[in-house]
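Colleague: I'd like to learn how to read a model like this one. Could you walk me through a few features?

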Amino acid sequence: MYEAPGRKALIETALDSFQTEILPELAGDRKYLGLMIASALAMAVRELEADEDADPVRRVLDAFAALYGEDNVARAGADPEAQLDALSRDLARELREGVYDRDLTGSVQQVLTVLIEEKLKLSNPKFLAAREYSQPTPN
C-alpha cells in the first residue's frame with residue numbers, strides 16, 4: 001500500500017535531522033517548542049512501531065473481556081477502537097460512581113494496569129522500562 005520509505009522511516013529521518021541540525025540552534029522559548037516537536041515526533045514513531053508489533057488495542061480488550069466478559073466487549077462496538085472507547089468510558093463512569101471502591105483489585109486492576117502500560121509505551125517508554133511506578137497490592 002505504501003511505497004518505501006515508509007511513514008515510520010520518514011518520521012525517523014525528520015526527527016533525526018531536526019534533533020541534529022535544527023534543535024541545537026534554538027534557544028529560549030523556541031528551544032522549548034523544539035523539544036515539544038521532537039517529543040511529538042518520537043511519540044509518533046513509537047505509535048507506528050506499536051502498530052507493527054503486538055496489537056495494544058487487543059491486549060486492552062482482552063483485559064476488558066476478563067472484567068466484563070467477551071459478549072459485552074463484542075457489544076461495545078463494531079471495531080476494536082470503538083470498543084475500546086466505549087469500554088473505557090464505561091469503566092471511567094463506574095470508577096467515578098464508586099462501583100469498585102471496596103475492591104479495586106483483580107480484573108479491574110488488570111484493566112487499569114494494561115491501559116497504563118500501553119499508554120506509557122507510547123508516551124514514556126523509559127519510565128515503563130525502569131518500572132519506577134508502583135502498583136497497589138491486594139489486601
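Colleague: What share of the contacts with a separation of 6 or more comes from residues 24 or more positions apart?

Modeller: Contact means heavy atoms within 4.5 Å. Here, residues 24 or more positions apart account for 51% of the contacts with a separation of 6 or more. Bear in mind that this is a predicted model, where local features need pLDDT of at least 70, side-chain atom pairs count only at pLDDT 80 or more, and totals for chains, interfaces and linings use all residues. Residues are numbered from 1 along each chain as its sequence is written, and side-chain values use heavy atoms, leaving out hydrogens and water.

Colleague: Which residues does Ile11 contact, leaving aside neighbours within four places in sequence?

Modeller: They are Leu41, Ala44, Val45 and Leu48. Ile11 and Val45 lie 34 residues apart in sequence, yet their C-alpha atoms are 6.7 Å apart.

Colleague: Is Ile11 buried, partly exposed or exposed?

Modeller: Buried means under 20% relative accessible area, exposed over 50%, and partly exposed in between (1.4 Å probe, protein chains only). Ile11 has 21%, so this residue is partly exposed.

Colleague: At what angle do α5 and α6 pack?

Modeller: Axes are lines fitted to C-alpha atoms, for helices over the stretch in contact, and angles between N-to-C directions run from 0 to 180 degrees. Helix α5 (residues 80-97) and helix α6 (residues 107-123) pack at about 125°, with axes 12 Å apart. Leu84, Ser88, Leu91 and Leu95 of α5 meet Val111, Leu112 and Leu115 of α6.

How values were computed:
Helix = DSSP H or I, 4+ residues; strand = E, 2+ residues; numbered from the N terminus.
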